[in-house]
Amino acid sequence: QRPWHAAGGAIAPLADRVAAAFDAAREESVARSWSGETEGGDLGPADRRGLRRAERLVAAGLDELAEAEIAKLESAGEASAWRSFLLARFCRRHALHNRALASGSRVAESRPGERPPEMQRLLFPPAYLDLAVRATNGTGLDPRFVLAMAREESWFDADAVSAAGA
């Protein structure tokens, strides 16, 4: 089990609050109306096949290949905010945080201006929250600040290398 899938110890209450705040049905409803998708808009057969492949790759621990599969789906299909939302949500559910941010950014860029909180979650996910809480314990740093830095610097890509050598 990956460390970011389950919080434990003193971190559990915070993780429970984050989980309770997330309501998938509300998120989908808001995303549908915000994107202008009033009905239908489900993923096509090729997308569903690609997502099944990505799901099997994640199950095998081959996250990089799963992310490549999602990237291939994004470049091959129609460029709609609703489709990008569905891909971002799939990635978030399977802890492909780097790819979820890429898809979520496509959603956010599709409509300028203020975004509802449900759309903000695509851009600012609580990924690695338990690790940030442990890393900042006793330092006086806000775990959200650490997550914001990780998001900005690497988009949660564990293999990211700093161009400045940091």
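Predicted model: local features only at pLDDT ≥ 70, side-chain atom pairs only at ≥ 80, totals over all residues.
**Entry 1: terms**

**Entry 2: salt bridges**

How many salt bridges does a search of the whole structure find? I get five. I went through some of the pairs.

I began with Arg 144 and Asp 142. Their side chains meet in a salt bridge, at 2.8 Å from N to O. Is Asp 142 buried or partly exposed? Its relative accessibility is 30%, so I log Asp 142 as partly exposed. Arg 144 has a relative accessible area of 59%, so I log Arg 144 as exposed.

I then looked for shared partners.

I looked up accessibility for each. Glu 69 is buried at 9% relative accessibility. Lys 72 is partly exposed, at 47%.

Next came Arg 134 and Asp 130. The closest N and O atoms of this salt bridge are 3.4 Å apart. Both residues lie in helix α8, residues 129–136. They are four residues apart there, so about one helical turn separates them. Asp 130 is buried, with a relative accessible area of 6%.

**Entry 3: helix α3**

I turned to α3, residues 45–59. I count 15 residues in this helix. From first C-alpha to last, α3 reaches 21 Å. That is close to the 21 Å expected at 1.5 Å a residue.

Which residues of α3 are buried? I list Asp 47, Gly 50, Leu 51, Ala 54 and Val 58. I looked down the axis of α3. The buried residues fall within an arc of 100°, so they line one face of the helix.

What covers the buried residues of α3? The cover includes α4 and α5, the latter spanning 81–93.

I checked the other side of α3 too. Pro 45, Arg 56 and Ala 59 are exposed there.

Last, I looked at what follows α3. Gly 61 comes after the helix, and its phi is positive, near 80°.

Technical notes:
Residues numbered from 1 in each chain as written. Heavy atoms only, no water. Salt bridge = Lys/Arg side-chain N within 4 Å of Asp/Glu carboxyl O. Buried < 20%, exposed > 50% of the residue type's maximum accessible area, 1.4 Å probe, protein only. Helix = DSSP H or I, 4+ residues; strand = E, 2+ residues; numbered from the N terminus. Expected span 1.5 Å × (residues − 1). Arc of directions from axis to C-beta. Contact = heavy atoms within 4.5 Å.
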